[in-house]
Amino acid sequence: MAVIGYARVSTEEQTLDSQLGELERNGASRVFSDVGVSGAVPAHRRPGFAELLRFVRDGDVVLAYRLDRVSRSASDALNLVERLDAIGVELRTLA
């Protein structure tokens with residue numbers, strides 16, 4: 001089992017620093033990220049998250065700082081959890 005982090009900020013002016021620090025402190029061995037990508041874009045259509053989906057394996061945990069870093073709507077979050085569950089991957093958030 002590996003803990004794989006995901007971080008996202010909506011604008012180029014924002015930084016990932018605080019999210020990256022928290023993910024690493026909580027066991028993320030690798031972190032994928034998206035910068036300048038709105039949360040309105042479904043997770044699987046973001047370049048960093050799409051790469052994460054290709055990387056994770058059965059038994060892994062995807063760790064995000066908050067759920068809104070991964071998904072902006074309940075339906076998108078549910079679809080994402082179902083997609084991850086289908087490949088044996090768990091989604092966790094720190095907050």
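A residue is called buried here if its relative accessible area is under 20%, exposed if that area is over 50%, and partly exposed in between, with a 1.4 Å probe and protein chains only. The structure is a predicted model, in which local features need pLDDT of at least 70 and side-chain atom pairs count only at pLDDT 80 or more, while totals for chains, interfaces and linings use all residues. Residues are numbered from 1 along each chain as its sequence is written, and side-chain values use heavy atoms, with hydrogens and water left out.

The pairing can be followed strand by strand. Strand 1 is joined to strand 2 by 6 bridges, and Tyr6 stands opposite Phe32 of strand 2. Towards strand 3, strand 1 pairs in the parallel sense over 4 bridges, with Ala64 as the bridge partner of Tyr6 and with Ile4 opposite Val62. Strand 3 (residues 61–64) in turn pairs with strand 4 over 4 bridges, again in the parallel sense, and Val61 has Glu90 as its bridge partner there. Within strand 3, Val61 and Leu63 point one way and Val62 and Ala64 the other, and all are buried.

From strand 3 the chain crosses through helix 3 (residues 74–86) to strand 4 in a right-handed β-α-β crossover, and strand 1, helix 1 and strand 2 likewise make a right-handed β-α-β unit; right-handed means that, with the strands pointing away from the viewer, the path from the first strand over the helix to the second runs clockwise. In helix 1 (residues 17–25), the buried residues are Gln19, Gly21 and Leu23, and these pack against strand 1, strand 2 and strand 3, contact meaning heavy atoms within 4.5 Å. Just after this helix, Gly27 takes a positive phi of about 100 degrees.

The loop between strand 2 and helix 2 holds Ser38 and also Arg46. Ser38 is partly exposed, with a relative accessible area of 30%, and, residues up to four places away in sequence not counted, touches Arg8, Ser10, Arg46 and Arg72. Arg46 is buried yet has no salt bridge, the nearest side chain of opposite charge being Asp76 at 4.6 Å. A salt bridge requires a side-chain nitrogen of Lys or Arg within 4 Å of a carboxyl oxygen of Asp or Glu, and in assigning charge Lys and Arg count as positive and Asp and Glu as negative, with His and the chain ends not counted.

How values were computed. Two strands pair if DSSP finds at least two bridges between them. Helices (H or I, at least four residues) and strands (E, at least two) are DSSP runs, numbered from the N terminus.
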